[in-house]
Amino acid sequence: MFAAAMLLVACAGPQGGRSGVVQGPHISPAQRTEVVLTALSLLDTQYRYGGARPVGGFDCSGLVKYVFATATDTSLPHNTDQIAQLSHPVPRSQLQPGDLVFFNTLGRRNSHMGIYVGDGRFINAPSTGGHVRIDSLDSAYYRRHFQSVGTLFAR
């Protein structure tokens with residue numbers, strides 16, 4: 001498990017302060033499907049710390065940033081904590097495709113994230129040497145490190 005945590009060390013994206021973070025977007029719920037389809041189109045893209053483009057690879061926040069920019073023309077920061085701050089909290093029981101799932105994988109809040117695709121699964125760029133993939137919220141690792149759900153969609 002320590003090795004898995006060390007692999008996720010680079011998922012949080014470039015660190016930055018909270019300055020410049022404003023209230024989150026209110027994206028039309030009609031765009032949920034486009035978000036999920038865009039994310040799925042990036043499966044097997046290489047992981048790369050600091051990456052935010054299909055050519056070259058993604059880290060977890062870079063993947064989310066790219067997907068929302070492409071699918072909804074919404075600009076997000078390249079930082080899990082800042083994206084979490086922009087999102088509106090959602091009870092896990094109300095999780096919908098396109099919502100964001102956040103994890104504490106490094107002993108600090110919002111150190112990893114992914115995009116929920118439905119059926120208890122989410123897409124993420126999990127680790128150095130890996131690829132964008134789908135994981136289960138019910139896997140032992142992610143169940144243990146689950147933190148919260150947020151949405152960027154208008155309610």
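A crossing is called left-handed if the near helix is turned anticlockwise from the far one by less than a right angle, and right-handed if clockwise. Helices (H or I, at least four residues) and strands (E, at least two) are DSSP runs, numbered from the N terminus. The model is predicted: local features need pLDDT of at least 70, side-chain atom pairs count only at pLDDT 80 or more, and totals for chains, interfaces and linings use all residues. Residues are numbered from 1 along each chain as its sequence is written, and side-chain values use heavy atoms, with hydrogens and water left out.

**Exercise 1.** Determine how H2 packs against H3.

*Solution.* Step 1: helix H2 spans residues 32-40 and helix H3 residues 60-72; their axes lie 9 Å apart at an angle of about 130°. Axes are lines fitted to C-alpha atoms, for helices over the stretch in contact, and angles run from 0 to 180 degrees between N-to-C directions. Step 2: this angle makes H2 oblique to H3, since angles under 35 degrees count as roughly parallel, over 145 as roughly antiparallel, 65 to 115 as roughly perpendicular and the rest as oblique. Step 3: the crossing of H2 past H3 is right-handed.

**Exercise 2.** Identify the residues that form the contact of H2 with H3.

*Solution.* H2 contributes Glu34, Val35, Thr38 and Ala39, while H3 contributes Val67, Phe68, Thr70, Ala71 and Thr72; contact means heavy atoms within 4.5 Å.

**Exercise 3.** State the secondary structure content of the protein chain.

*Solution.* Step 1: the protein chain has five helices and eight strands. Step 2: their order from the N terminus is α-α-β-β-α-α-β-β-β-β-β-α-β.
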